[in-house]
Amino acid sequence: MKRSEAERLTSEYIKSIFGYAVKRCRTIQDAEDLSQEIALQIFRAFLLRDDISEPEKYVWRTARNCLVNYYRGRERQGIGIPLEDICGFSGEADDFVYKVEEKEAEEKLQREIAYLSELRRRIIIACYYENKKQSEISEAMGIPLGTVKWHLFEAKKELKRGMEMERKASELKFNPVIFDRIGSNGNLGEKGGSEFFLRSALAQNIVYLARKEAKTIAEMADSLGVSPVYAESESDFLEEYGFLIKQGNGYLSNVLIDEPDTETNVLHDRMYSKAAELFANELYDQLTQQLTREKETGILDAVKCDVQKDGKRDINYIFWALIPYIAALSGENGMENTVSFGEAATLRPDGGCYISSAVVNNPEAAPVKYADSMKKWCGPSWTWIDKITFWQINSEWSEERSTFLGDKRSAELLMLKRLYSGEKLTEEEYSVLAEQGYIRCENGQVKTLCVVIDTDTKKRLLEIGGEIKSKYKNELEQLKKPYVRAVMAKTPEHMKKARQFGHQYIFYSDGWFILHCLKTLTENGKLMPPGEEQRKSMTTVIILE
């Protein structure tokens, strides 16, 4: 093309090109630089080529390519002329490059829209994707038109900032934490305990991220490498049920999260192993001595249980229920009571009221003793209704039994109360109790398979355990102090009350203490492993008032 014609065509588009650049650049200086670059490229192309049949189309395609380079901050030019032109690529090749870059920009824009708050996200989508007028958005959302305009203005500023920044995911995107154990201390609600709410990897990593300081939805999404829409939805759900606490624009974890290390695990093992050796061995010996007492003073004669071995009462089976029960409840008058349950627990919308806890899997730490056994542990759990109490633990030695039965458990307890009051039950009721392992019916007789005691027997049994704990009180306190100190030092300030409440129960209704007591007695041969047929009914105590 002749130089005069190239100059004429270029001059024809100068004003429009500058307007195009002004709308899309950060500063006037950038717009001037960009428009000059576009003009230089199209002028040289007009000058060097004679095959541009549609000049206008070519001008705007070149303008878009230059703009993409401006946004991406990279140089794909050679002496001011697009590489595609120098190489003689066709316009179709230009279109392909532009479409790829346009698609990348669109995907980034969609990602940034997801980072907006829910309200701003809805307004942007309604305005730009659904083509609704601002007045229509105002009416549909029930907010003033001025509010819509303000959020639209702020949303566009946020999107521009987001398009210009580089988002970086944390290690959690590639190596998410895994909760090794999830627990609930208190009364479960209709949905169950913490394991229901923290069952997904997303939920676990959200509460883990916010364990020390509040995190915004954007911060969570960035760290986990997920869309903020998903992080927002999960966080709202966790906040509704008290697993997150709203703090300003962020969320703070309301879960006691243990991150074990070798030092803490060693202190944990030392504390429980030595405490169990002191308490469990002496308790076993004291209970064994009761077998030689006179009938009128022997406590075990008042314990009802029809399980037999070799034609005699199976004392070993009875001890499997009484030892953990006494270990849990004896000596409670010697407990610290500086933090109440009401101060530490969270009341949840489904009726639950409990402290949620979790342990993070740390393969680099020396494993805590009996960790695999604790994964099969549940309890102590108990239910009380109309002067009858059900108490039970699940462990590796028992069958896995549901500890969350609500009205069903209450109905079973009322049947048991009637049974032990001498009332005859229906065949269906006997069948229900037999199915749950409370009783067995044989030859027209009802055999009790769990351990049943009255309140006087309960008092006498707990006195034995209380005396032992009182005897070793100083030793137990000294064993406890180093572990408590190490754990409290790592506990965030907002979770210290919940932690202190739990520490009050060390050596009382404490699953780890009970497990160590049973392990101590099985490993030294005092307690014999239960028979397979006993697994359904064992470690269950019924208390009649």
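This is a short tour of one predicted model, with stops to select in your viewer.

Before you start, note that residues are numbered from 1 along each chain as its sequence is written. Local features here need pLDDT of at least 70, side-chain atom pairs count only at pLDDT 80 or more, totals for chains, interfaces and linings use all residues, and side-chain values use heavy atoms, with hydrogens and water left out.

**Confidence.** Colour the chain by pLDDT, the predictor's confidence in each residue, from 0 to 100. The protein chain averages 85, and 88% of the residues score at least 70. Now select residues 74-100, where the pLDDT is below 50. Beyond near neighbours in sequence, this stretch has 33 contacts in the model (heavy atoms within 4.5 Å). Where pLDDT is low, the predicted coordinates should not be read in detail.

**A helix pair.** Next, show helix 14 (residues 315-329) and helix 22 (residues 511-523); helices are DSSP runs of H or I, at least four residues, numbered from the N terminus. Their axes, lines fitted to C-alpha atoms over the stretch in contact, lie 9 Å apart at an angle of about 140 degrees.

Finally, pick Tyr272 in helix 13 (residues 262-290) and Phe507 in the loop between helix 21 (496-504) and helix 22, 235 residues apart. Their ring centres are 6.0 Å apart and their planes at 85 degrees, so the pair is edge-to-face (centres within 6.5 Å, planes over 60 degrees apart). The whole structure holds 17 aromatic pairs.

How values were computed: Axes are lines fitted to C-alpha atoms, for helices over the stretch in contact, and angles run from 0 to 180 degrees between N-to-C directions. Helices (H or I, at least four residues) and strands (E, at least two) are DSSP runs, numbered from the N terminus. Rings of Phe, Tyr and Trp (its six-membered ring) pair if their centres lie within 6.5 Å; planes under 30 degrees apart count as stacked, over 60 as edge-to-face and the rest as tilted.
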